[in-house]
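Here are some notes to read alongside the coordinates.

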Amino acid sequence: MQIWLDTIDFTTIRHARQLGVLAGVTTNPSILAAAERPVEEVLDALLDLQPGLLAVQVTSADPAVQLLQARRLAAKSGRIVVKVPAVGAGFQTMATLEREGIPTLATAIFESRQIVLAGQLGVRYAAPYINRIEQAGRDAALLLRESQQILDRYGQPTVIMGAAVKSAEQFMQCARAGIGAATLPADTYRLLFASSPELDAALQRFDSAWSANPLAAGSALFSAA
């Protein structure tokens, strides 16, 4: 499962890139508006910082304007994936863009029907909002499994990208469902590396046993120098 980062936290993006686990970066209007820098400057920096794809969302509900914005973004870089809300005329926008060879990401997904439609249109990625689906009282894990099974059944290559992933458990739900990608905010990404009381206790036992034996603790092979 690919890991994308849903953030403009350059430190976190750099960590994932250096670790070798970063497939790309996703943004949305809220993230870019919070940057307090010119949008073009932020997008250029994100493209320079990592070699993967960069998802950028259109900001209009008007399909003609969506197409205009999408074509400008595509002209800026061949690594930009255009995010379009999967509602109403957004599906027509994505269908047109995919026919033009501009990769799209269906966003703001709360129901499996949106993913099924995206698959029918050949949309590149479809991003269900995991945490928000759960907050609405629905089973996000079931939606992921069923949607992936439908795409597989009909041989549709649309990649489900779990979005709005707010916990390590939700990240694991994405992995268990067998979807192709998950995009994580910086805080959730850091949770993947967090310790736990049980892990800390196990490491402490190793440290105590090692320190208690002078032959082990004094080994030149394991010296810090």
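Which residue in β6 is the bridge partner of L105? That partner is Y125. Please keep in mind throughout that this is a predicted model.

1. Strand β5 covers residues 104-109 and strand β6 covers residues 125-128. The two pair in the parallel sense, with 3 bridges between them. Strands in a sheet are held together by backbone hydrogen bonds, in either a parallel or an antiparallel arrangement.

2. **The barrel as a whole.** If you follow the strands in the order β1-β2-β3-β4-β5-β6-β7-β8, you trace a closed barrel of 8 strands with parallel pairing. From one strand to the next, the twist averages 30 degrees.

3. **Onward from β6.** The next pairing, between β6 and β7, is parallel and has 2 bridges. Here A126 finds its bridge partner in I160 of β7. Strand β7 is then joined by 2 bridges to β8 (residues 181-184), and these strands also run parallel. In that pairing, A182 of β8 is the bridge partner of G162.

4. **Helices across the strands.** Helix α4 (residues 63-76) lies across β3 (53-57) and β4 (80-85), at about 165 degrees to β4. Helix α6 (residues 112-121) lies across β5, β6 and β7 (159-162), and its angle to β5 is about 165 degrees.

5. **Helix α5.** Is α5 enclosed or open? Because 8 of the 10 residues of α5 (residues 90-99) are buried, this helix is largely enclosed by the rest of the structure. The buried residues are G90, F91, T93, M94, A95, T96, L97 and E98. They pack against α4, β4, β5 and α6. Just after α5, you will find G101 with a positive phi of about 85 degrees.

6. **The largest pocket.** Its space comes to about 360 Å³. There are 22 lining residues, and the closest to the centre are D6, N28, I31, R132 and A164. The elements that give two or more residues to this lining are β4, β5 and α7 (130-135). The largest share comes from β5, with 3 residues. Sorted by class, the lining has 11 nonpolar, 7 polar and 4 charged residues.

7. **The second largest pocket.** About 300 Å³ of space lies here. Of its 14 lining residues, V39, E40, L43, V56 and L73 are the closest to the centre. Two or more residues come from each of α2 (29-33), α3 (39-49), β3 and α4. Which element gives the most to this lining? Helix α4 does, with 4 residues. By class, the lining divides into 8 nonpolar, 3 polar and 3 charged residues.

8. **A closer look at T12.** This residue lies in helix α1 (residues 10-19). Why does T12 count as buried? Its relative accessibility is 5%, and the cut-off for buried is under 20%. Leaving out residues up to four places away in sequence, T12 touches L5, A186, Y189 and R190.

Technical notes. Residues numbered from 1 in each chain as written. Predicted model: local features only at pLDDT ≥ 70, side-chain atom pairs only at ≥ 80, totals over all residues. Heavy atoms only, no water. Pairing = 2+ DSSP bridges. Axes fitted to C-alpha atoms, helices over the stretch in contact; angles between N-to-C directions. Contact = heavy atoms within 4.5 Å. 1 Å grid on protein atoms, 1.4 Å probe; cavity = no way out; pocket = protein on both sides within 12 Å on 5 of 7 lines; lining within 4 Å. Points joined across faces, edges and corners; volume = space filled by probe spheres on them. Nonpolar A, V, L, I, M, F, W, Y, C, P; charged D, E, K, R; others polar. Buried < 20%, exposed > 50% of the residue type's maximum accessible area, 1.4 Å probe, protein only.
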